[in-house]
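Please walk me through this structure. Start with where the chains meet, then take each chain in turn.

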Amino acid sequence: MPVIEAHGLRKNFGTTLALDGVDLRVEEGRILGLIGPNGAGKTTALNAILGLTPYQGELRVLGRDPWSARDQLMCDVSFIADVAVLPRWARVSSLLDYVAGVHPRFDRAKAESFLARTTIRQRSKVRELSKGMVTQLHLALVMAIDARLLVLDEPTLGLDILYRKQFYDSLLNDYYDRSRTIVVTTHQVEEVEHLLTDLMFIDRGRIVLACSMDELESRYVEVSVNPDKLAAGRALKPIHERQLLGRSVLLFDKVDRQQLAALGEVRTPSIADLFVAIIGMGGQNAAQGVA
Amino acid sequence: MNTQSNTLSDSFEAQRAAPAVMTATQPLYWSIRRELWENRWIVIGQLAVAGVYLFAYLISLRHLRSPAWQVPAHHMEMVAAPYDIAAGLMMGTLILMSLFYSADALHGERRDRSILFWKSLPVSDLTTVLAKAGVLLVVLPLLTFTVTVAMHVIMLLLNSVVLAANGMSVVSLWRELGIFRVWTQLLYHLLTAHALWPFPVFCWLLLVSGWARRATLLWAALPVVAIAGIEKLVFNSTYFIALVGRRLIGGSAPIDITHGDMFPLGSMTHLTPLRFLGAPGLWMGLLFAAACLVVAMRLRRYQGPI
């Protein structure tokens with residue numbers, strides 16, 4: 001049963017097409033990374049899922065239409081939009097009071113025990129906290145909500161490495177339990193790579209890649225080709241070629257791994273490499289098209 | 001919602017622990033609490049004005065020794081005046097507070113991006129807008145009433161001490177002032193003249209605060225100035241601007257001003273709730289206010305951070 005299901009999702013701002021017929025299906029218990037360049041439509045897609053923006057096409061989140069039933073949907077969906085959305089005037093304790101007051105699935109004791117592990121004091125105001133602490137606070141609030149779906153839009157933007165690592169560690173260790181679903185967008189792909197179960201690339205309002213991480217491993221292979229095998233490698237039609245330390249690195253889609261092993265050193269590409277290969281390639285094609 | 005989606009949500013529900021029981025009014029209650037936390041200045045501002053006035057009153061009490069006080073007719077008038085001035089001052093403060101509060105009501109959360117946090121919680125746009133309207137209609141006037149009554153009590157105590165020290169009658173002071181009658185009139189006047197009557201003006205500001213990206217008060221004033229200008233040019237009259245002005249300061253016939261006594265708390269004033277509730281102007285105004293709130297609610301649904 002899908003947590004999110006979209007067919008032909010479209011959204012335009014004036015003449016700009018932010019979402020151009022997106023089809024999407026996210027099953028329960030998945031951790032989906034939505035990756036794309038700036039302005040690709042990531043945030044628009046998330047906003048549609050969260051009921052923050054109207055859209056054309058069909059979209060169901062937990063069986064509901066997010067635009068017409070945002071407030072009911074938010075009983076089962078949590079989101080962290082980016083690091084700076086907690087009201088700066090609020091005290092930590094009053095935020096806890098408020099969320100406990102309006103959210104039927106908020107466990108205040110849980111939030112307090114998360115906060116006890118940080119240096120955040122309940123009497124502090126949000127404006128007195130550092131950026132990293134505000135994120136910790138938001139995460140503590142969200143993790144204490146028993147939600148089905150958690151949406152994270154660039155949750156660690158502007159944080160230092162320690163806070164970023166801690167953020168994803170808490171999420172995996174204290175929150176994720178295989179029955180919850182998480183959708184995350186970020187530019188720091190290397191940090192989420194190991195926790196994703198599914199990957200989706202979005203570019204200019206279209207989904208250009210959608211696969212599970214298992215599928216990715218079996219489908220894409222990167223080969224650091226021995227110089228004498230380069231011609232043979234190119235004959236197998238790599239989808240991308242780059243230079244690394246004087247050697248050519250070729251990326252293949254759906255080519256037999258055994259066959260490629262003969263060409264040189266074989267490995268599974270990182271998401272970043274795949275991103276450059278697929279989105280970068282699209283960019284080049286588009287540039288050629290324009291020219 | 002169709003049956004299929006209901007089954008879907010139901011099967012999601014079935015796998016989880018039951019949520020905490022929550023009454024329908026709870027989100028509204030907490031939204032009003034949020035307004036008071038967010039706009040602490042509406043409390044602090046009133047207390048500050050009251051504090052300054054009480055200080056000035058304390059200084060003025062030394063004039064009680066002057067010979068003029070020995071004449072009974074002058075006596076009550078001079079003793080009573082500061083109580084009326086205190087009430088009038090707090091009414092003026094209330095008008096200003098309501099204006100600035102409503103002009104920022106739906107703007108602040110968009111400006112500081114916190115709208116994304118508020119919208120991530122199961123609180124509808126209707127509840128949020130109603131909470132803001134509730135602050136204007138009930139919370140602010142009651143706050144002003146409480147502060148004014150507290151001022152009056154402190155003034156009475158100070159006054160009694162000074163009178164007693166000068167060998168004058170404290171009992172006659174309390175009797176002549178008729179303070180409980182004054183408080184009843186004050187409460188009535190605040191809820192009618194300064195809440196229900198100007199409510200359409202505040203709701204208009206609330207609407208504009210949900211639409212304008214900046215300078216809310218200017219945008220809100222623009223159509224008023226434009227209509228007034230056209231009216232002046234075409235009909236050479238100033239009916240519209242006078243109407244808006246009277247709405248804002250709460251000065252209009254149906255409220256409570258009778259016998260030409262302009263000060264609402266004077267002894268000649270009578271409460272005329274039936275006349276007030278029967279005034280077509282009140283209901284037309286409230287209809288306009290309701291329309292503004294509906295638009296404000298729709299706007300909030302579409303708006304994100306600025």
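In this predicted model, 33 residues of chain A and 30 residues of chain B form the contact between the chains. Two residues are in contact if their C-beta atoms, placed from the backbone, lie within 7 Å. On the side of chain A that touches chain B, at least two residues each come from helix H2 (70-73), strand S5 (77-80) and helix H3 (92-102) of chain A. H3(A) gives the largest share, 5 residues. Helices (H or I, at least four residues) and strands (E, at least two) are DSSP runs, numbered from the N terminus. By residue type, this side of chain A holds 17 nonpolar, 7 polar and 9 charged residues. Ala, Val, Leu, Ile, Met, Phe, Trp, Tyr, Cys and Pro count as nonpolar, Asp, Glu, Lys and Arg as charged, and the others, Gly among them, as polar. The model scores ipTM 0.89 and pTM 0.88.

Residues are numbered from 1 along each chain as its sequence is written, while chains are lettered from A and ligands numbered from 1 in the order in which they are written. Local features need pLDDT of at least 70, side-chain atom pairs count only at pLDDT 80 or more, and totals for chains, interfaces and linings use all residues.

Now chain A. It has two domains, domain 1 (2-204) and domain 2 (215-290); the bounds come from an automatic or database domain assignment. Their C-alpha centres lie 33 Å apart. Each domain puts 8 residues into the contact between them. On the domain 1 side, helix H7 (189-192) and strand S8 (198-203) of chain A give two or more residues each. S8(A) gives the most, with 3 residues. That side divides into 5 nonpolar, no polar and 3 charged residues.

Chain A also holds an open sheet of 4 strands, in the order S11-S12-S10-S13, with antiparallel pairing. Strands pair if DSSP finds at least two bridges between them. S11 (240-244) and S13 (264-267) of chain A have a single partner strand each, so one side of each lacks a neighbour in the sheet. Neighbouring strands are turned by 25 degrees against each other on average, direction ignored. Strand S10 (residues 220-225) of chain A and S13(A) run antiparallel, joined by 4 bridges. A:Ser224 has A:Glu265 in S13(A) as its bridge partner.

Chain B has 14 helices and 0 strands. Of its 306 residues, 33% are buried (20 or more other C-beta atoms within 10 Å of a residue's own). Among contacts in chain B with a separation of 6 or more, 82% join residues 24 or more positions apart.

Which residues of H11(B) meet H12(B)? B:Val224, B:Ile227, B:Ala228 and B:Glu231 meet B:Tyr239, B:Phe240, B:Ile241 and B:Val244.

| Helix of chain B | Mean pLDDT |
|---|---|
| H1 (residues 3-14), lowest | 47 |
| H10 (residues 199-209), highest | 96 |

Over residues 1-10 of chain B, pLDDT stays under 50, and the model has 10 contacts there beyond four places in sequence. Where pLDDT is low, the predicted coordinates should not be read in detail.

Terms used. Buried ≥ 20, exposed ≤ 12 C-beta atoms within 10 Å, placed from the backbone. Axes fitted to C-alpha atoms, helices over the stretch in contact; angles between N-to-C directions. pLDDT = per-residue confidence, 0-100.
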